[in-house]
Amino acid sequence: MRRALRSVFERIDRFFDIAFTPAWNPMQQLGALGWFFYWIVIVSGIYLYIFFDTGITQAYHSVEYLTHEQWYAGGIMRSLHRYASDALVVVVFLHLLREYVLDRFRGPRWFAWVSGMVLLWLLYASGISGYWVVWDKLAQYVAIATTEWFDSLGIFGKPIARNFLNHASLSGRFFTLLIFIHIAAPLMLLFGMWLHIQRHMHPQVNPPRGLAAGCLIMLVILSLWFPAMSQGPADLDTVPSIINLDWFYLFIYPLLDHYSGTLIWAVVAGGTVLLSLLPWLPAVRKREVAVVHLDNCNGCARCVADCPYSAISMVPRTDGLPFEQQAAVDPSLCLSCGICSGACPSASPFRRRTALIPGIELPAFPIQAVKDMILSKTQDLAGNNRVLIFNCEHGLDLAAAPMTNFAQITLPCVGMLPPSMIDFTLSRKYSDGIFIAGCREHDCNFRLGNEWVQQRLARQRDPYLRERVPAERFTQCWAGVSGFKQGLSELEVFQERLARLSPPARQSPESRLRDGKNAECANA
Ligand code: HEM
Ligand code: SF4
Ligand code: SF4
């Protein structure tokens with residue numbers, strides 16, 4: 001099922017890439033859009049609260065005043081408040097589904113997944129309690145159904161639904177409590193959202209401006225077209241018969257009319273527990289986490305800046321070398337992406353005197369192994385359009401391409417590639433060109449790998465690609481797993497371009513031998 005859903009998501013992604021451009025693709029901004037809709041809800045909510053009267057009888061009239069008398073401001077704010085809350089539900093469910101389908105919820109990502117489950121509850125507590133405070137017929141229905149549902153738990157001394165028996169039984173204090181819940185739940189949601197992204201370096205909490213502006217304009221148009229309305233004042237002496245539900249938040253209520261409250265509790269609580277356990281069903285088989293080689297760590301902290309999961313910190317030096325700090329990896333946070341070794345200045349393949357051991361690397365995928373592969377895989381290539389592809393396990397795979405004269409090295413993430421490897425491969429003539437193939441733009445499996453590669457190659461981020469590397473001899477293709485066709489055509493164009501360039505001098509067998517010996521010395 002996951003594979004089928006994945007292909008659906010990829011198709012939608014491709015369509016949105018064309019419609020919105022990859023940078024504005026809303027499917028890749030779901031978490032950030034969640035934050036954006038949340039802020040709209042808060043700002044519009046503050047405006048409404050200024051005019052809202054918290055008394056039982058006055059509440060309805062104050063909302064009516066906002067809706068009709070002040071339709072140009074209060075009315076729009078009310079509608080924005082409702083529609084942004086609905087949009088929040090939509091993006092949160094798509095976000096949940098996407099993380100599940102792309103298998104980005106296991107291993108150390110369990111924290112984001114489980115905290116996401118808590119966010120779902122807080123989101124529903126915020127939304128449902130919002131329907132009470134208007135105190136119209138829908139509010140009456142929701143308040144009674146909710147309290148009866150809670151009463152079915154049997155944990156309250158006196159049934160709380162009794163508060164709604166008739167107008168006289170509803171105390172002002174109880175109504176104030178309902179309003180308090182509607183303020184406290186969104187605040188707790190905000191705290192939860194902050195906690196949710198604590199393990200992410202540079203979390204994306206703001207969508208691109210154009211996308212945000214487009215969403216806001218759409219919500220304003222919707223607010224003017226279908227303004228949010230109340231459904232007549234609540235009257236506890238009558239039972240509301242026809243009610244329009246907001247299906248985004250209240251879909252469970254019709255079920256409460258047909259099934260017992262305890263059964264619905266069992267389904268909702270059981271579903272939450274089951275979903276929360278998903279990261280361990282089964283647990284991901286992880287590569288060994290990154291290790292620090294102190295002899296080669298100068299404490300520059302580049303790995304800290306590039307680790308997408310805040311798994312590295314700088315700690316006081318322990319080995320007596322003349323540096324203040326050293327890198328330390330927290331194994332419980334590391335996703336074994338290798339991006340840190342791509343950032344480490346001591347991962348340079350040009351080193352001859354000492355073995356190629358960087359300050360930090362993956363034990364199962366050492367940097368020396370990458371250099372060895374460059375030497376071995378390019379051995380049989382010939383001609384003037386030899387291409388070495390560096391791709392990523394989660395991104396575009398061109399191994400089955402029908403062209404000849406290329407070799408492919410698959411890394412856990414292309415962000416693991418130190419720019420000096422490109423310089424090394426081209427300057428030592430192991431290939432005529434380098435083709436970097438990764439996940440789709442803004443959709444890196446390890447969040448920031450493709451962004452860091454782009455910045456390093458554009459000489460905007462340390463470690464920079466050296467100026468001497470000719471720009472026409474390397475290219476990047478961010479087509480993702482489903483982008484085989486696009487990858488093929490870009491590879492074809494690149495090989496044609498290389499063939500037109502004057503061929504570089506061949507690698508002399510002696511220097512290949514020298515680099516190889518160096519590799520052996522490093523392996524020893
Ligand atoms: C109010 C609701 C939510 C908001 C605003 C939100 C927002 C975010 C943001 C901004 C990120 C970081 C994206 C990035 O920079 O890479 C993120 C990551 C994540 N979220 Fe949510 N989220 C919400 C609810 C949920 C829910 C309900 C789930 C699932 C149960 C979930 C699962 C995840 C996971 C697994 C990640 C980590 C992805 C990764 O490490 O690549 N989130 N979320
Ligand atoms: S990037 Fe390398 S040298 Fe710099 S702190 Fe990290 S491990 Fe040490
Ligand atoms: S392997 Fe990835 S997650 Fe682990 S420390 Fe390095 S950059 Fe961070």
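How many helices and strands does the chain have? It has 18 helices and 8 strands. Please keep in mind that this is a predicted model. Here is a short tour, from the chain as a whole to one pair of helices and then to the surroundings of a ligand.

**The chain as a whole**
- The chain is 524 residues in length, and 38% of them count as buried.
- Taken along the principal axes, the box filled by its C-alpha atoms comes to roughly 95 × 50 × 40 Å.
- If you look at contacts between residues at least 6 apart in sequence, 74% of these join residues at least 24 apart.

**Helices H4 and H8**
- Helix H4 covers residues 71-101 and helix H8 covers residues 209-225; the two pack with their axes 9 Å apart, at an angle of about 120°.
- On the H4 side, the contact is made by Ile76, Ser79, Leu80, Tyr83, Ala84 and Ala87.
- On the H8 side, Leu219, Val220, Leu222, Ser223 and Leu224 take part.
- By type, the residues in this contact of H4 with H8 are 9 nonpolar and 2 polar, with no charged ones.

**Around ligand 3**
- Ligand 3 has 14 residues around it, and those that come nearest are Cys307, Cys334, Cys337, Ile339 and Cys340.
- The shell around ligand 3 is made up of 12 nonpolar and 2 polar residues, and no charged residue is found there.

Key:
Residues are numbered from 1 along each chain as its sequence is written. Chains are lettered from A and ligands numbered from 1 in the order in which they are written. This is a predicted model: local features need pLDDT of at least 70, side-chain atom pairs count only at pLDDT 80 or more; totals for chains, interfaces and linings use all residues. A residue is near a molecule or strand if its C-beta atom, placed from the backbone, lies within 6 Å of it. Ala, Val, Leu, Ile, Met, Phe, Trp, Tyr, Cys and Pro count as nonpolar, Asp, Glu, Lys and Arg as charged, and the others, Gly among them, as polar. Helices (H or I, at least four residues) and strands (E, at least two) are DSSP runs, numbered from the N terminus. A residue is buried if 20 or more other C-beta atoms lie within 10 Å of its own, exposed if 12 or fewer, and partly exposed in between; C-beta atoms are placed from the backbone. Two residues are in contact if their C-beta atoms, placed from the backbone, lie within 7 Å. Axes are lines fitted to C-alpha atoms, for helices over the stretch in contact, and angles run from 0 to 180 degrees between N-to-C directions.
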